[in-house]
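The stops below are given in the order in which to select them.

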Amino acid sequence: MKVVLIKAAMVVVAGFAAAASSPLRAQEPAIDGKTLFQKNCAACHMASGKGIPGAFPALAGSKFVQGKGTEVAAVLLKGRGGMPDFSDSLSDRDIATVLTFVRSNWGNKADGLSEADVGSLRTTLGVDPFGNSMMSNKH
């Protein structure tokens with residue numbers, strides 16, 4: 001009986017150890033669009049999305065932001081003017097999440113994007129897959 005209890009305890013401990021080292025547990029939890037915006041965009045476009053006139057364009061009420069989703073996503077993947085690209089620092093899921101937030105806040109009323117939308121566009125534009133770069137954060 002004592003041997004059976006010891007074996008059962010070992011099975012339980014092994015189960016907890018396996019769960020703690022599971023690859024799913026090692027993945028970072030999903031970050032919401034507002035948090036991604038605050039970390040990556042607000043320094044230039046301001047927390048209000050109103051930008052800085054003459055320096056950084058407003059995203060609030062922007063026709064471009066509310067236009068074709070792939071054109072907006074292309075800016076994050078390739079950069080534009082003085083804006084750097086975020087292709088190495090944000091995953092396709094993060095780009096879709098932050099753009100969905102931007103396209104549906106501050107008076108903007110456009111559809112969100114999916115991770116698949118951004119991934120497909122990344123391929124179309126010939127942008128390296130996320131995580132392929134030696135330097136994963138250009139900012």
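This is a predicted model: local features need pLDDT of at least 70, side-chain atom pairs count only at pLDDT 80 or more; totals for chains, interfaces and linings use all residues.

Residues are numbered from 1 along each chain as its sequence is written, and side-chain values use heavy atoms, with hydrogens and water left out.

Select Arg103, in the loop between helix H6 (92-102) and helix H7 (115-125). Helices are DSSP runs (H or I) of at least four residues, numbered from the N terminus. Arg103 is buried but has no salt bridge. Buried means under 20% relative accessible area with a 1.4 Å probe, protein chains only; a salt bridge needs a side-chain nitrogen of Lys or Arg within 4 Å of a carboxyl oxygen of Asp or Glu. The nearest side chain of opposite charge is Asp111, 6.0 Å away.

What does the Arg103 side chain reach at 2.7 Å? That is the backbone oxygen of Val65. Next, show the backbone oxygen of Gly67, 2.9 Å from a polar atom of the Arg103 side chain.

Now display the residues that Arg103 touches (heavy atoms within 4.5 Å). Leaving out residues up to four places away in sequence, they include Gln66, Lys68, Val72, Asn108 and Leu113.

Move to Trp106, in the loop between H6 and H7. Trp106 is not a glycine, yet its phi is positive, about 55°.

Finish at Met46, in the loop between helix H4 (42-45) and helix H5 (69-78). Met46, also not a glycine, has a positive phi of about 70°.

Definitions and conventions:
Helices (H or I, at least four residues) and strands (E, at least two) are DSSP runs, numbered from the N terminus. Buried means under 20% relative accessible area, exposed over 50%, partly exposed in between (1.4 Å probe, protein chains only). Lys and Arg count as positive and Asp and Glu as negative; His and the chain ends are not counted. A polar contact is a pair of N or O atoms within 3.5 Å; within protein, one must be able to donate a hydrogen and the other to accept it, and residues adjacent in sequence count only if both atoms are side-chain atoms.
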